[in-house]
Amino acid sequence: MESSGVHQQSSPNPDAEDFSPQTLDPDLGIHVERYANLQDSGNQQFLTRELGLTLFRDMVLGRRFEDKCAEMYYRGKMFGFVHLYNGQEAVSTGVIKASRLKHDWYCSTYRDHVHALSCGVPAKEVMSELFGKSTGCSKGRGGSMHLFSREHHLLGGYAFIGEGIPIALGAAFSSRYHKEVFNDSASNAITAAFFGDGTCNVGQFFECLNMAQLWKLPILFVVENNKWAIGMDHNRATSDPEIWRKAAAFGMHGEEVDGMDVLAVYDAAQRAISRARNGEGPTLLECLTYRFRGHSLADPDELRSHSEKEFWADRDPIKLLEAKLTELQLVTSNELRTIEKEIDSEILEAVEFALNAPEPLSTELTEFVWA
Ligand SMILES: Cc1ncc(C[n+]2csc(CCOP(=O)(O)OP(=O)(O)O)c2C)c(N)n1
Ligand SMILES: [Mg+2]
C-alpha cells in the first residue's frame, strides 16, 4: 500500500508461524491483531554471520544489563524511578546498528539505558550513572533517566515525554544547515529520535513532524509502540492507534514494522536512513513491540493480562533472532552461549566498577550546570 505513508510488507515467509487473526484470542486486542497482520519479512538478503552476531550481542547486552539493574535496584543501589527496556531490544539494536556510530545522533526518553549501550556508551559508565557515581556518563548528575554522551552522540534521555523530540529535530536541522549553508559536504549525519506510543498524543510530536517534513530534515521518528503508557492502553487513548499513518497528514513517509524482529527493524531503518542521508527527508517508523516488565521498577504490573504478557513473551526478540541465525546455520547455539557468558562478565565488571567508583564531590556541585 503506497500513499504519502507506506505500509511496508515484504514477501511472505512460507515457514512463518501460523497465528493468523482468526486463530487469535480476541481478548488480546488491537495491538496483537495489528502485529499478527504484519507479514514475516522472510530471510533478509543483507543478513551475514557478522551482522547476526553484532545484533545478537547488542540485544543480549541490553537484556542482561537491564536484568542486573533490577537486581541492583531491589538491593538499594540506585534511587528514583528506573524504567527497563526488556522486550524492546530489537528497536534500539535494529535502528542504531543500521546507523553510523559516533557520526549519527540519537535521542532517547527515560527508558534510555539500552539506547546508550547500543550507541556504544560502555556498560560501566551507564551502570555508574545509575549509581550516581562521578564515573557515570552524566558524571552522576543525571541518573537513570538522563544519560548523555557527547562522545557517542547520545543527546540524552529525558524524563518529560516528548521533550527529546525537538532536541533531535535541532540536531537534524544542524546537519542540514552545515551541509547547505556552510557547504560542508561531509555533514550527512542523520538523527534517530526514540519515544513511546503515549508520547504521540503530545504537541511536540506533531509540531516536530511538521517542521521536519517542511525542511526535509534527516531524521527518523522511531515510535516504540509497546501498547502501554504506564497503565493507559494506547488503543483507549488514541483516536487512530495506527501511528505510522499520521505521517501522511504531513506528506511524510511512514512505516509500520515488526518491533520484535530485529532484522525487520534493521531493514526498515536502513531504508529510512538512506533516504534521510540523500536529502529525501524524514520517516515516521512505528515499531510494534512490548515491554516485558512493569512501567518502572516501582510498578507491580498488575494491569496487564497474563495472556497478553504470554503472547509477547513467546515473541522474545532475542529468541527469534537466535532461531533465525541457527536455522540459517550462520552460527551455532554454543557460540551464542559463549557470547552470553562474555556479556555476563562485562556486566559484572561494570557493577564492580560502579560500586567502587567515587561519588561526585560536593565542591563540584555547580560544575557542568548550564546557567
Ligand atoms: C510531559 C509529561 N507528562 C506526563 C508525564 C508522566 N508520564 C511518565 S511516563 C508516561 C507514559 C509514556 O508512555 P509511552 O510514551 O508509551 O512510553 P513508554 O513508557 O511506554 O516507553 C507518562 C504520561 C511525563 N513524564 N511527561
Ligand atoms: Mg508505551
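# Close-up views of a predicted model

**Figure 1. Helix α3 is enclosed.** Eight of the eight residues of α3 are buried, so the helix is largely enclosed by the rest of the structure. Buried means under 20% relative accessible area, exposed means over 50%, and partly exposed is in between (1.4 Å probe, protein chains only). The buried residues of α3 are E89, A90, V91, S92, T93, G94, V95 and I96. Helices (H or I, at least four residues) and strands (E, at least two) are DSSP runs, numbered from the N terminus. This is a predicted model: local features need pLDDT of at least 70, side-chain atom pairs count only at pLDDT 80 or more, and totals for chains, interfaces and linings use all residues. Residues are numbered from 1 along each chain as its sequence is written, chains are lettered from A and ligands numbered from 1 in the order in which they are written, and side-chain values use heavy atoms, with hydrogens and water left out.

**Figure 2. An open sheet of five strands.** The strand order is β1-β2-β3-β7-β6, and the pairing is parallel. β1 (105-107) and β6 stand at the edges with a single partner strand each, so one side of each is left without a neighbour in the sheet. From one strand to the next, the twist averages 20°. Helix α3 (residues 89-96) packs on this sheet and touches β1, β2, β3 and β7. The direction of α3 makes about 170° with that of β2. Contact means heavy atoms within 4.5 Å. Axes are lines fitted to C-alpha atoms, for helices over the stretch in contact; angles run from 0 to 180 degrees between N-to-C directions.

**Figure 3. Strand β2 and its partners.** Five of the six residues of β2 are buried. Two strands pair if DSSP finds at least two bridges between them. β1 and β2 pair in the parallel sense over three bridges, and W105 has T191 as its bridge partner in β2. On the β3 side, six bridges join β2 (residues 191-196) to β3 in parallel. T191 stands opposite I219 in β3, and F194 stands opposite V222. β2, helix α7 (residues 203-214) and β3 make a right-handed β-α-β unit. A crossover is right-handed if, with the strands pointing away from the viewer, the path from the first strand over the helix to the second runs clockwise.

Figure 4. Six of the six residues of β7 (residues 283-288) are buried. In a regular strand the side chains alternate between the two faces of the sheet. T283, L285 and C287 point one way from β7, and L284, E286 and L288 point the other way. Six bridges join β3 (residues 219-225) to β7 in parallel; here N225 has L288 as its bridge partner. Six bridges also join β6 (residues 253-258) to β7, again in parallel, with E255 opposite L285. β6, helix α9 (residues 262-277) and β7 make a right-handed β-α-β unit. α9 lies across β3, β6 and β7, and runs at about 165° to β6.

**Figure 5. Surroundings of ligand 1.** Ligand 1 is surrounded by 14 residues (a heavy atom within 4 Å). The closest are Y110, R111, G198, T199 and W228. An oxygen atom of ligand 1 is 3.1 Å from an N or O atom in the side chain of D197. A polar side-chain atom of N226 lies 2.8 Å from a ligand oxygen atom. For W228, a backbone N or O atom lies 2.8 Å from an oxygen atom of ligand 1.

**Figure 6. E340 in helix α12.** E340 lies in α12 (residues 333-356). E340 is buried, with a relative accessible area of 13%. Its side chain makes a polar contact with the side chain of R337 (2.8 Å). A polar contact is a pair of N or O atoms within 3.5 Å; within protein, one must be able to donate a hydrogen and the other to accept it, and residues adjacent in sequence count only if both atoms are side-chain atoms. Leaving aside neighbours within four places in sequence, E340 is in contact with F56, V60 and R64.

**Figure 7. Two loop residues with positive phi.** K139 is found in the loop between α5 (123-130) and α6 (164-180). Its phi is near 55°, a positive value in a residue other than glycine. At 36% relative accessibility, K139 counts as partly exposed. Q329 sits in the loop between α11 (317-327) and α12. Q329 has a positive phi of about 55°, although it is not a glycine. Q329 is exposed, with a relative accessible area of 70%.
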